[in-house]
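Work through the exercises below with the sequence and the model side by side. Each task is followed by a solution in steps.

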Amino acid sequence: MKLKKQVTVCGGAIFCVAVFSLYLMLDRVQHDPARRQNGGNFPRSQISVLQNRIEQLEQLLEENHQIISHIKDSVLELTDTGAISPSGHLPFRSANGSWVLPFDGRPTFLSVKPLDCQFALGRRSQTDLQMLDVYSLLNFDNVDGGVWKQGFEITYEPNEWDDEPLQVFVVPHSHNDPGWIKTFDKYYNDQTQHILNNMVTKMAEDPRRKFIWSEISYFAKWWESADVHKQEVMRKLILSGQLEMVTGGWVMTDEANAHYFAMIDQLIEGHQWLERNLGVTPRSGWAVDPFGHSATMPYLLKRANISSMLIQRVHYSIKKHFAATRSLEFMWRQAWDIESSTDMFCHMMPFYSYDVPHTCGPDPKICCQFDFKRLPGSRVNCPWKVPPRAINDANVAERAGVLLDQYRKKSKLFRSKVLLVPLGDDFRYDKALEWDQQYLNYQKLFDYMNSHPEMHVKAQFATLSDYFDAVYKANGVTSGARPPDYPVLSGDFFAYADREDHYWSGYYTSRPFYKNLDRILESHLRGAEILYSLAVAHARHAGVEGRYPVSDYSLLTDARRNIGLFQHHDAITGTAKEAVVIDYGNRLLRSLVGLKRVIINAAHFLIIKNKDIYRFYQTEPFLETDDRRATQDSLPQRTLIELESSPRYLVLFNPVEQERLCLVTVLVNSARVRVLTEDGQTLPVQLSAQWMSATEMSGEVYQASFMARLPALGLAVFHLYDSADSPMTLRSETLLRVPGRGQSIRGLDPLPVRSQTVDGQPFYIQTQSLTLGFSGATGLLESIRRKDDPQEVRVQIQFLTYGTRPSKDKSGAYLFLPDGNAKPYSQRETPIVRVVEGPLFAEVVAHYQHFQQTVRIHNVPGVDGLSLDITTMVDIRDQNNKELAMRFVTDIQSGDTFYTDLNGFQIQPRRYFQKLPLQANFYPMPSTAYIQDSQYRLTLHTAQALGVTSLASGQLEVILDRRLMQDDNRGLGQGLKDNKRTANRFRLLLERRSNSAKPAGSYAKVTNMLNKIIAGILGDGQEEPVDSRPVSFPSLLSHMTSTILNHEVLALPVLPRKHGVPPMRTFAPLAGTLPCDFHLLNLRSIQSPQDAHSPSPYMALLLHRLGLDCGLEPQNPGFNCTTTQGQLSVSGLFRGLDLQLLQPMSLSLMHSQPPLSNDSSVSLDPMEISAYKLKLC
């Protein structure tokens, strides 16, 4: 105790010095006459001195904080509950009833540099159009606009183009969905291959013909089967500029549900294919069919060196407003951008659809007459009853005049006299006849217009980039630059409505089983990429590359492409036909099996201590996978580890870039399980039942849970025994809360079960970090109390159901059209509730007819123990036209503001608008949503994309599943009736603001003071209220919580071997720690130019620097966490490997910058995603 006091006093003295230094600096800042005279403008020399002093103070504070943290962790983690473990090793119950774990002797600290917090507080550059403000401004009144029903009448003066003729760029296109009504392969066989074959023939007939193509998944499939002659003609069409590859992704990705990892990966896959096979670099983005548009997309395209983009599906009222203000072309800027470095030139199509009737001008009845596929005799006709007429000498003058009138009216909505007119639709140009009908008739019209100067127009076929180039030229700016007076916009375009109150907010949740499977695949792909890249590099380093299964690269390619395919806007959205969904599911399952094989093969090589004895046998795997799925639509079954008296070995893979202290649960066949670390230390184990139903446990399978500390991106080895001597294995205590009827409840030795009749009294479970209160009647969560907060916070979970409208239009795969407010979920029977408590975790499982909810808390220091692990197993297959919602009800004073993420990349503030229908207030939640006030923030992290809203202050609501019996008239022709039993997984995190009522720790106070000083010097003295900013960021703890939820530890049992298991050791690939505001997005082996099935010696390192909100009280993360103001030394990052190349690249690896010296540090700004080409040997 004496030593403890001395250390504490010493740390306190250092702290006092730091605070006194801060006081002196504050005093000088406030009383410096030069500053007063200059009105806050420091002379440069004084700024320099002050900056140095701030840096010194910051360093002193950081060092002091680290010392204090060490002391605090060492003392508090042992004594926080008022007791010290009597044995020093065994977990024990403290006086207040919570379990205390033996201290592992690894104090950790959190040290975020104050300057790394400034990004969230800094002032943003002003934009002309902030989408939240636009929503506040508009009435959404849907007034009939005449021929342009959702717009207004457009007029013009005939002489407007006398000085500057109208330039018309007609862009033929064919939108090819990689699966929707038909599967990918059936579409290809029936239509897409014919489109591309006809393109080769018909485009070559006239060099004036142009075309654009988007979906590389289809183009690659065609290329592989095309003969050399077709390939050569196609290559010439591209190189001559007749055919343009637009966006160039594997698919035209959905932008609501897709995670940015997968959005980037499918873009890389498409661009790498184009570069390798055609030498083409896309310049323009084309997204005509995603159902709403995310602000993430322009950022990703900008980072891939694409300079312009086009979007189409935007709410009709927003289109009308933008058209009226001539704001349909704008610079799209990230809301968090301090300057204008993220600006992307964007063109918004003004009318209802991307088909021909809605692209030539405002009157679809007239435009349809110029869709020459609909000529009389065709199977496609014009709904307005006036068919097209073939162009001939007798009618060309009249027809050209009618068409030019539409062109002129459309051009009045834009700021330049350059007009874009798309010419196409879904799977168009699959017949040679249509190529002739469109190109020959339009060429006659163009020739007439261009040969009559009095018409003041120049019309031609064009590519998308031809159009954008002309816009830039007309405005006298370089490609991608902001033309004079064009508006700057920030925000996104959700939710989308195409007419009336038909909001496309249903697909945010449709088919959640596959949305969840997609994210599991993404985590496996990232883990497999990293381990494979490291294994191949280490095999080269050890000179045993020839023995390693390098051919696993083809499994990676297959997975990249199948996951890429699933990002398509009719796949992850849940809006394809049932047979197509099965096809997607089979592809995903095949890739999941392949990725698990890549992971166990890489782990085998990396974990073996002596690489000289390493041998790979395809038929004799070294490791088992962690789980298996019987079919594409079944839930995973975890692998059972059969214990013996001799050790079974378990390899744990941590896919996270930080060291991880976490709870790991495996299935074993013996209750006498003993778990040892690699160095022989026995670990505490919590033994629990494997439940077959609400009241029946298995007598043959047990859950063994233990706490593991795992290296970043690494592999650790554990030993499992069947041992009669296992004093560290402690049994869970189980209580079944059952209805009053006499239900027979019996436990199985050695796991007894108590039962009690349900009553209305609340009950509690707790760990050293959290205490949770539950309703005695429902078994659902009622409250959360954090250990450092005397206040119990109301966080009540409710379940509700939505119906659909009784008549006319109803909800379907796309649309959410509820029959009013949600109704409370009810069932006749009282639910059975299981309460499990033990030293490592506690959980409450509530069994209802249509769902089973598990709320679990882990008694683990750090990130894993600071949030609630929630799994809601949903099965609504016996329901008709019902949607199941989960609602959190709290006392948080959030008002009408809530926050959702875009693609797992950034946070978008939202507002509940009473003027909009209920369904318009739902938004996509790919990974995160939160509500907050001046005291608390409640964040829901999700492992699958779902729809979310906040319909009242203090509420957060998520749609879990939807079963709908009818089509919603958007072309699918089916309802949603193929529901699966689905596990929806979440983490719920309650955080307190640093400036809330209870004072924060001294370090947080001083850091807050320092932040204010720096903000004042930088000109940001006035801080905006927390909910008025157009930008918000998660806390560091929130980022980490999302990461551990989405990247679970993989438990890989070593298969027993006749001749014994060779020696293994922990594989820790990182020599140092990655700054904890860095996310290693991928370490992707780059394909060999010679062999498509093998890797090159190069890999792509993708890094994302996170944006942080430091205004929430910092918590011990369970590992040493520091930030570095965006600096990272790559040369010393990977242990045991030499860095031979470090080259900055564009995001999709198509554009390179000069290589950096190998000892260089890379520097990232907050929110920046950067890519580097590495060579590690």
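**Exercise 1.** In which sense do E37 and strand E44 pair, and over how many bridges?

Solution. The model is predicted: local features need pLDDT of at least 70, side-chain atom pairs count only at pLDDT 80 or more, and totals for chains, interfaces and linings use all residues. Residues are numbered from 1 along each chain as its sequence is written, and side-chain values use heavy atoms, with hydrogens and water left out.

- Step 1. Strands (E, at least two residues) and helices (H or I, at least four) are DSSP runs, numbered from the N terminus. Two strands pair if DSSP finds at least two bridges between them.
- Step 2. E37 and E44 (residues 955-963) pair in the antiparallel sense over 8 bridges. Phenylalanine 888 stands opposite leucine 956 in E44.
- Step 3. Strand E31 (residues 793-802) is also antiparallel to E37, joined by 8 bridges; here threonine 801 faces leucine 884.

**Exercise 2.** Find how many residues of strand E37 are buried.

Solution. Buried means under 20% relative accessible area, exposed over 50%, and partly exposed in between (1.4 Å probe, protein chains only). In E37 (residues 882-890), 8 of the 9 residues are buried, so the strand is largely enclosed by the rest of the structure.
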